[in-house]
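Hi,

Here is the structure I promised to pass on. Have a look at it first, then read my notes below.

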Amino acid sequence: TYPGASSSFGMIQLSPDTRLDGWDGCGGYHYSDNEIYGFSHTHLSGTGVSDYGDILLMPTTGEILLINGSNGTEGYKSKFSHQNENARAGYYSVTLENYNIDVELTVSKRAGFHKYTFNTDKEAQLILDLEHRDKLTSSNIEVVSNNNIQGWRHSSNWAADQRLYFYIQLSEDISEVIYREDSLVAGFKLGKIKDPLLVKIGISAISIENAKENLETEIPHWDFNKILSETTKQWEKELSKIQIETTDETKKEIFYTALYHSLLNPNLFTDVNGDYLGTDLQTHNTSETQYTIFSLWDTYRATHPLFTLIQERKTLEFIQTFLRQYKDGGQLPVWELAANYTGCMIGYHSIPVIVDAYMKG
């Protein structure tokens, strides 16, 4: 699992990455680790196969380093401690010890919001790493103005053809850009800054234009606390649908943590204009809501029946998504990920999900 910020069933999962591969690193994070490579915007929760970890950002100071340092050489990664780490629904914070930078993260449904406080008089900079994690098939980084960056990252792993476009806005002007020779990693120098650096990013599976529209629609301002408050209220509404009565605080913690994890997936897959990537890997448009990540072999027994009790409208939206996935790609989902049929696991468990909801009216 990952400790970062997400809204319930949201498109974006903004979380720290402490592990680059391995079964224990499927969510990008492991509690036993003490180094952070950066903060990427898509993560899987609870899977046994690794994917996602797209568009890694890392604030740094000092010499610009364009490698992560995972091979033992000096890189942009940083030490961190759980004592200086805080995670709650819709919010994550940590101190990067190598740079004395306080990081805070929150999200809207389709966009991420970073807040970096530089507790130093050194010059601030931001690393953007598109090589991070799964196999890259196509990418681009383009600086479009003093404080706007756009591009894409297409990759192949569990999802054989995963597509992600991004649009980034910075609250400070970029003074210089340094690219690695392969152009997969870039460092943005920002000079000495007194106020916290704010970074906003929109993502889309369709286009840069859609990523920009997602961002400008959902976070049109620079008020970090406003977005945090809105996402916190949304989580409070969802989690309060079930109320348990006990004096045992540990049982409460376990229960609401499990409920929280249940509400992270499936993930929103429609842009604000109704565009979505179909299971034929073509662009489609709907007035309804499309989702992705249906690990139905894992979820048909308990998670989806839970949704029929506390997420009636979402249940209908999930099943309508199944039908569009059948119409677009010719198959109801088995284990669908980012519009890819992964062919993972046995059985055809979208059927009992549909039948269960139908039988409950």
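Before the notes, one term: two residues are in contact when they have heavy atoms within 4.5 Å. Also keep in mind that this is a predicted model.

Let's start with S7, in the loop between β1 (5–6) and β2 (13–17). Leaving out residues up to four places away in sequence, S7 touches V107, S108, K109, T231, Q234 and W235. Is S7 buried or exposed? With a relative accessible area of 2%, S7 is buried, because anything under 20% counts as that.

In general, nonpolar side chains in soluble globular proteins tend to be buried together. Here, the largest nonpolar core has 48 residues, and those touching the most other members are F39, L96, Y116, L128, I149, F166 and I168. Among the elements giving two or more residues to this core are β5 (56–61), β8 (91–96) and β14 (162–170). There's also a second, separate core of 19 residues, including Y2, Y291, F322 and V353.

How many cavities of 30 Å³ or more does a search of the whole structure find? It finds 2. The largest cavity holds about 160 Å³ of space. Its lining has 18 residues, and M11, L164, I203, A205 and F269 are the closest to its centre. β14 gives the most to that lining, with 3 residues. By class, the lining has 9 nonpolar, 6 polar and 3 charged residues.

The second largest cavity has about 30 Å³ of space. Residues lining this one include F269, Y276, Y291 and E336.

Cheers

Key
Residues numbered from 1 in each chain as written. Predicted model: local features only at pLDDT ≥ 70, side-chain atom pairs only at ≥ 80, totals over all residues. Heavy atoms only, no water. Helix = DSSP H or I, 4+ residues; strand = E, 2+ residues; numbered from the N terminus. Buried < 20%, exposed > 50% of the residue type's maximum accessible area, 1.4 Å probe, protein only. Core = buried A, V, L, I, M, F, W, Y, C linked by side-chain atoms within 4.5 Å. 1 Å grid on protein atoms, 1.4 Å probe; cavity = no way out; pocket = protein on both sides within 12 Å on 5 of 7 lines; lining within 4 Å. Points joined across faces, edges and corners; volume = space filled by probe spheres on them. Nonpolar A, V, L, I, M, F, W, Y, C, P; charged D, E, K, R; others polar.
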